[in-house]
Amino acid sequence: MSVRYPRPLRPGDRIGVTSPSSGVPEELRERLAVAVRDVEARGYEVVTGRCMDGSGHVSAPATERAAELTAMLTDPGIRAVVPPWGGETAIDLLPLIDWRAVRAAEPTWVVGYSDMSTVMTPLTLLTGVATAHGNNLMDTPYRVPEGLVSWFDIVASPPGHRFTQMPPERHRASGWDDWAAHPDSRTFTLDVPGRWTRLDGSGDVDVEGRLIGGCVEMLCNLTGTPYLDTSAFARAHAPEGLLVYVEAAGDDALAICRYLHGMRLAGFFDTANAVLVGRTSAPDTASLTQYEAVLDALGPLNVPIVADVECGHVPPYLPLVNGARCRVLHTATRSEVTQTLD
C-alpha cells in the first residue's frame with residue numbers, strides 16, 4: 001500500500017481553521033487575525049470553525065470538536081486544516097472522530113504540532129494519509145530561516161516532490177514573543193548557536209525510512225491503543241523501516257525517561273532505523289539530563305539517535321511529513337534531511 005498525499009493546494013482553495021484542542025483567548029485574537037491574513041495573502045480562502053473559544057483548556061466539548069474536525073476532513077471543498085496551535089487534551093477526540101469517513105474521503109492536509117500529534121499521528125497510522133508536523137497557524141507570520149521550508153511549501157507540493165532542509169544552526173535560548181503586545185511579530189529570535197548531536201556514539205549518520213512521530217508527552221498516552229500501531233503501519237507502508245522522531249515539550253528528564261521507556265516497551269520504536277530527537281527547553285533534573293533520559297530509554301534499540309533536531313517546541317521549526325520517505329544525513333560538517341512525498 002502507498003501513503004496517500006493530498007493534492008497540492010492552489011490559489012483559491014479553502015483552508016479550514018479549527019481548534020481540536022485549545023482555542024484562542026481574546027487577548028491573542030489579533031495574532032490569529034494576522035496569521036489568517038497571511039494565509040489569505042497567499043490566495044487561499046480561510047474558513048474558521050465554531051470551535052475556537054480560548055477561555056478554557058479546550059475550545060468546545062469533545063463531541064463538537066470531533067464533529068467539526070471530521071466535517072472539515074471530509075469536506076471536498078476544504079483542502080487543508082490548520083489549527084492555531086496544540087493544547088492539552090485532544091486525546092478525548094480520538095474515539096469520536098469518524099475514522100471510516102475520513103479514510104474514505106479525499107485526503108486533506110492537516111498541519112500542526114504539540115497536542116496536534118495526538119490527532120495527526122493516528123490519522124497517518126490509521127488512514128495512510130500524510131500529515132505535516134512542525135508549524136502551526138499562529139507561527140505562520142514568522143519569516144522562515146534560510147534552509148528550512150514552511151507549511152505553505154509542503155501543502156503546495158505535488159506527490160513525488162523531493163525537498164531538502166538544512167538547519168540554520170541557531171535557535172532560541174528561552175522564552176516566547178509577547179503576541180498580545182506585538183501581534184504582528186515576524187522575526188524569530190535565534191540567539192544561540194547549536195548543531196545536531198549524535199547521542200548513541202560517534203561517526204556519520206546516513207539513514208533512510210518513512211517518517212512518523214510527534215510530541216512525547218502526547219503520544220505516550222496512546223501506547224498500547226489502536227491509535228499508535230507503528231508496526232502495522234510499517235508492514236503496510238514501510239517495509240524498509242521507519243525514521244521515528246520525538247520531541248519533549250516541557251516535562252522534566254525523569255518524566256521523559258519514563259514516557260520513552262513505556263513507548264519502547266509498547267513497540268512504538270520496533271521498526272525504527274533511527275530516532276530523531278527534537279531540541280527541547282524542558283528541564284533536566286539533579287540526577288538526569290534530557291540527553292541521558294533519551295539514551296536510558298532508547299539506547300537498547302541500537303540504532304542511531306540524533307538530538308537537537310528542529311522538530312519541537314524550540315524555534316525555528318523544521319517541518320517533517322508523517323508518512324514521507326526520508327533520508328537523514330549527519331556528519332561533523334553537515335546535517336540535512338531530505339523528504340520525498342511518495
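Predicted model: local features only at pLDDT ≥ 70, side-chain atom pairs only at ≥ 80, totals over all residues.

Colleague: Which residues does the "LD-carboxypeptidase N-terminal" domain cover?

Modeller: The UniProt annotation, from an unreviewed entry, puts that domain at residues 15-134. Such annotations may be inferred rather than shown by experiment. Over residues 15-134 the chain is 36% helix and 15% strand; helices (H or I, at least four residues) and strands (E, at least two) are DSSP runs numbered from the N terminus.

Colleague: And where's the "LD-carboxypeptidase C-terminal" one?

Modeller: UniProt, again in an unreviewed entry, places that domain at residues 208-328. Over residues 208-328 the chain is 28% helix and 27% strand, and the end C-alpha atoms are 6 Å apart.

Colleague: OK, sheets. What's the order in the six-stranded one?

Modeller: E2-E1-E3-E4-E5-E14, an open sheet with mixed pairing. Two strands pair if DSSP finds at least two bridges between them. The edges are E2 (45-48) and E14 (320-322), each pairing on one side only.

Colleague: How do E3 and E4 pair?

Modeller: Strands E3 (residues 78-81) and E4 (residues 109-112) pair in the parallel sense, over two bridges. Ala80 has Trp109 in E4 as its bridge partner. Helix H2 (residues 62-74) packs on this sheet and touches E1, E2, E3 and E4, where contact means heavy atoms within 4.5 Å.

Colleague: What about the eight-stranded sheet, what's the order there?

Modeller: That open sheet runs E6-E16-E15-E10-E11-E12-E13-E9, with mixed pairing. Strands E15 (residues 325-330) and E16 (residues 335-340) run antiparallel and are joined by six bridges. Cys326, for example, has Gln339 in E16 as its bridge partner.

Colleague: Switching to helices: at what angle do H8 and H9 pack?

Modeller: About 20°, with the axes of H8 (residues 253-265) and H9 (residues 290-298) 8 Å apart. Axes are lines fitted to C-alpha atoms, for helices over the stretch in contact, and angles run from 0 to 180 degrees between N-to-C directions.

Colleague: Why call H8 roughly parallel to H9?

Modeller: Because of that angle, H8 counts as roughly parallel to H9; the cut-offs are under 35 degrees for roughly parallel, over 145 for roughly antiparallel, 65 to 115 for roughly perpendicular and the rest oblique.

Note on methods:
Residues numbered from 1 in each chain as written. Heavy atoms only, no water.
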